[in-house]
Amino acid sequence: MAERIGIIMNGVTGRMGFNQHLVRSILQLRAEGGVLLSDGRRLMPDPILVGRNPQKLEAISKQHGGLRWSTDLDACLANPEDAIYFDSGLTGMREASVLRAIEHGKHVYCEKPLSTTADSAARLAAAADAAGVRHGVVQDKLFLPGIRKLRRLITSGYFGRILSIRGEFGYWVFEGDWGLPAQRPSWNYRKEEDGGIILDMFAHWRYVLDHTFAPVEAVSCLGATHIPTRVDEAGKTYDCTADDAAYGTFLLKGGIIAQFNSSWTTRVYRDELLTMHVDGTEASAIAGLRECRVQHRVNTPRPVWNPDIANPIPFRDSWTDVPDNMEFGNAFKVQWEIYLKAVAEGKPFPHDFWDGARGVQLAELALQSWEERRWMQVPPIVPAKAAH
């Protein structure tokens with residue numbers, strides 16, 4: 001018999017909350033018999049779906065075997081039988097909801113960005129620390145197969161000294177004005193609704209860089225709103241006030257230079273929607289969401305610049321795949337397992353709210369860099385209790 005743990009899931013009517021967190025994580029864990037703990041016990045997640053639309057909640061509940069649901073968040077938070085509060089709703093509403101959950105003694109787990117400002121995110125982290133609850137922020141890209149393979153290479157010393165990272169992320173989001181609807185909600189393009197690709201994606205780049213390579217020490221960023229108008233879910237044309245592309249350069253500890261292009265206005269000519277090209281003194285790698293390919297210095301061709309003849313070297317042929325040689329689960333599900341184990345076993349969770357605050361901080365500094373046209377230093381954010 002598995003031990004039950006109740007999870008208040010706020011925001012599961014949204015695309016990410018429904019697909020990745022409910023269906024592919026929590027419901028999949030239930031189908032597998034729960035989370036196996038270190039002492040052999042099993043932990044069975046029991047979600048209650050929370051949101052503002054009763055019709056959507058009821059439909060999701062019926063679709064998945066009669067899950068509990070409610071539109072009354074306060075009543076859910078008051079129920080001592082549910083120990084965890086999860087939030088994947090609108091970022092601007094997160095601080096108030098999470099603080100209420102902490103006041104009720106709930107362990108708290110949230111989508112990124114943790115909040116809309118670094119100060120707000122740090123307040124949440126300090127409040128969670130003071131309450132003694134387990135707090136965590138989603139950092140799914142760390143658990144993707146391609147990045148896990150890349151981290152394995154780094155740990156083994158495969159690259160020698162890492163010199164640089166070049167990241168390319170994005171795809172074309174349809175404007176909605178010629179027959180194909182947009183793949184992203186309209187609030188993403190409204191600054192007044194906490195939209196923008198910098199706030200959305202730089203939180204990702206912070207934890208990817210910090211935890212895979214080295215801490216970020218400085219940032220320079222240029223943002224853009226390339227598409228000035230789009231069509232919303234109701235078919236109405238609106239002005240875009242938030243950035244839809246960002247071109248960032250990061251200086252990491254040890255002199256590593258990273259560049260990331262983030263865009264919802266680019267047509268893809270690469271193998272995956274996210275790729276990172278890593279160059280080191282002894283080897284290079286190209287990692288995507290699932291694949292990772294490498295080229296060691298002994299396999300590196302010797303190109304010579306000559307634009308007067310056709311390229312004689314098939315460059316891709318000298319790269320080799322890093323084998324899977326292990327089973328990689330869904331990245332969101334893997335992190336959910338780690339978080340649930342931390343709650344059940346009373347152990348530290350490595351990707352906590354302080355880590356989430358660092359991601360928001362980087363986005364904030366990137367926006368300031370864009371506005372002021374200058375490099376911004378990234379000061380350390382440390383837990384309040386560690387600062388004394």
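Guide: On a 1 Å grid over the protein atoms alone, a cavity is a set of points where a 1.4 Å probe fits but cannot get out, a pocket is an open set with protein on both sides within 12 Å along at least five of seven lines, and lining residues have an atom within 4 Å of a point. The model is predicted, so local features need pLDDT of at least 70 and side-chain atom pairs count only at pLDDT 80 or more, while totals for chains, interfaces and linings use all residues. Residues are numbered from 1 along each chain as its sequence is written, and side-chain values use heavy atoms, with hydrogens and water left out.

Visitor: Which residues line the largest cavity?

Guide: The lining consists of Lys112, Pro113, Leu114, Val137, Gln139, Ala203, Tyr207, Asp355, Gly356 and Gly359. The space in this cavity is about 40 Å³, where a volume is the space filled by probe spheres set on the points, and grid points are joined across faces, edges and corners. The count comes to 1 cavity of 30 Å³ or more.

Visitor: What makes up this lining by class, and which helix supplies the largest share?

Guide: There are 5 nonpolar, 3 polar and 2 charged residues. Ala, Val, Leu, Ile, Met, Phe, Trp, Tyr, Cys and Pro count as nonpolar, Asp, Glu, Lys and Arg as charged, and the others, Gly among them, as polar. Helices (H or I, at least four residues) and strands (E, at least two) are DSSP runs, numbered from the N terminus. On that basis α7 and α9 (353-372) each supply at least two lining residues, and α9 gives the largest share, 3 residues.

Visitor: Which residues are closest to the centre of the largest pocket?

Guide: The largest pocket has a volume of about 1600 Å³. Of the 50 residues that line this pocket, Arg15, Met16, Gly17, Ser88 and Trp187 are the closest to its centre. Helices α1 (15-31), α4 (94-103) and α7 (197-212) each supply at least two residues of the lining. By class, the pocket lining has 19 nonpolar, 18 polar and 13 charged residues.

Visitor: Why is Ile60 called buried?

Guide: Buried means under 20% relative accessible area, exposed over 50%, and partly exposed in between (1.4 Å probe, protein chains only). Ile60 has 9% relative accessibility and therefore counts as buried. Ile60 lies in helix α2 (residues 54-63). Not counting residues up to four places away in sequence, Ile60 touches Val12, Thr13, Phe18, Leu22 and Leu49, contact meaning heavy atoms within 4.5 Å. The C-alpha atoms of Ile60 and Leu49 are separated by 8.7 Å, and the two residues are 11 apart along the chain.

Visitor: What makes β8 and β14 a pair of strands?

Guide: Two strands pair if DSSP finds at least two bridges between them. Strand β8 (residues 162-170) is joined to strand β14 (residues 274-280) by 7 bridges, and the two run antiparallel. One of the bridges has Ser164 with its partner Asp279 in β14. Strand β8 is also joined by 7 bridges to strand β13 (residues 257-263), running parallel, and there Gly170 has Ser263 as its partner.

Visitor: Why are β17 and β18 called edge strands?

Guide: The open sheet of 9 strands has the order β17-β16-β15-β14-β8-β13-β12-β9-β18, with mixed pairing. β17 (320-321) and β18 (376-377) each pair on one side only, and are the edge strands.
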